[in-house]
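User: I want to know what stands behind the labels in this model. Please set each value against its rule.

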Amino acid sequence: WSGRLPSADCRVEIDPTAPHSGTQSLRLHGVASPANAEKPSWERQVAASSTYITQVIHGQAYRLGVWLRAGSEGTHARIEALSFKSKAYDIRFSQQVTVGLAWSEHEVTFRFPQKGDSNFREGLEETFYIRITLRQDAGTLWIDDAELRAADVLNEWDAWRQDGWDRNSIVADPLFVDAANDDY
């Protein structure tokens, strides 16, 4: 992971004091700086970015899960997967979240664009990276157990049934004799 540090007091560092699991987590610590007051919000906020993830498959769905904890209730963060090439394309899949004092799991699911998709761009490379941003000028956010997996995306009907709805319903042709002529 690498960090965007808007001021010398900000930090992105390994923290062994209170991981979700294992022996360490990643800590983002933002400190508001008067020197940044006129800058756009994204330039004032601490962020951590992964290295590039390669061998991405066009059209493949992915699930990014991550555990987050904050130094105060109501801390705002953004989790995103980005594919970016200057002056060529900027494709983002993101989720804004509110984080509290206890560890909580958050996720972003997305499908990497393929030819024919509205967000596909010619020359789109099979790479992206993960970025987690503390969406406020000051505060602390811990990151742990980030996991990226290929996913199978269910259609709306299958997702509905997987959640326990309409498990005994039957979807089939009702075998009407001649519905066009009101003969059922």
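Analyst: We start with pairing: two strands pair if DSSP finds at least two bridges between them. Strands (E, at least two residues) and helices (H or I, at least four) are DSSP runs, numbered from the N terminus. The model is predicted, so local features need pLDDT of at least 70 and side-chain atom pairs count only at pLDDT 80 or more, while totals for chains, interfaces and linings use all residues. Residues are numbered from 1 along each chain as its sequence is written, and side-chain values use heavy atoms, with hydrogens and water left out.

User: What is the order of the strands in the open sheet?

Analyst: The order is S1-S4-S9-S6-S7, five strands with antiparallel pairing. Neighbouring strands are turned by 20° against each other on average, direction ignored. For that angle, axes are lines fitted to C-alpha atoms, for helices over the stretch in contact, and angles run from 0 to 180 degrees between N-to-C directions.

User: What makes S1 and S7 edge strands?

Analyst: Each of them pairs on one side only. S1 covers residues 2-4. S1 pairs with S4 in the antiparallel sense, over three bridges. Within that pairing, Gly3 stands opposite Ala48 in S4.

User: How do you know that S6 pairs with S7 and with S9?

Analyst: The rule asks for at least two bridges. S6 and S7 have 11, and they run antiparallel. S6 and S9 have six, also in the antiparallel sense. Three residues lie between the strands in the hairpin of S6 and S7, where Lys87 takes a positive phi near 65°.

User: Why is Thr133 called buried?

Analyst: Buried means under 20% relative accessible area, exposed over 50%, and partly exposed in between (1.4 Å probe, protein chains only). Thr133 is at 0%, so Thr133 counts as buried. Thr133 lies in S9, residues 129-134. Its contacts (heavy atoms within 4.5 Å) include Arg4, Gln45, His76, Glu80 and Leu141, leaving out residues up to four places away in sequence.

User: Are Ser49 and Ser50 buried or exposed?

Analyst: Ser49 has a relative accessible area of 15%, so it is buried. Ser50 has 17%, so Ser50 is buried as well. Ser49 sits in strand S4, and Ser50 in the loop between S4 and S5. Beyond four places in sequence, Ser49 touches Trp1, Ser2, Tyr129, Ile130 and Arg131. With neighbours within four places again left aside, Ser50 touches Trp1, Tyr129 and Ile130. The C-alpha atoms of Ser49 and Trp1 are separated by 5.3 Å, although these residues are 48 apart along the chain.

User: Why are Gln55 and Asp182 called exposed?

Analyst: Gln55 has a relative accessible area of 71%, so it is exposed. Asp182 has 61%, so Asp182 is exposed too. Gln55 is in the loop between S4 (47-49) and S5 (61-70). Asp182 is in the segment after helix H2 (156-162). Neither is a glycine, yet Gln55 has a positive phi of about 60°, and Asp182 has a positive phi of about 60°.

User: What makes Tyr62 and Phe128 an edge-to-face pair?

Analyst: Rings of Phe, Tyr and Trp (its six-membered ring) pair if their centres lie within 6.5 Å; planes under 30 degrees apart count as stacked, over 60 as edge-to-face and the rest as tilted. By this rule there are seven aromatic pairs. Tyr62 and Phe128 are 5.7 Å apart, centre to centre, with 65° between the planes, and form an edge-to-face pair. They are 66 residues apart in the chain. Both are buried: Tyr62 at 9% relative accessible area, Phe128 at 2%.
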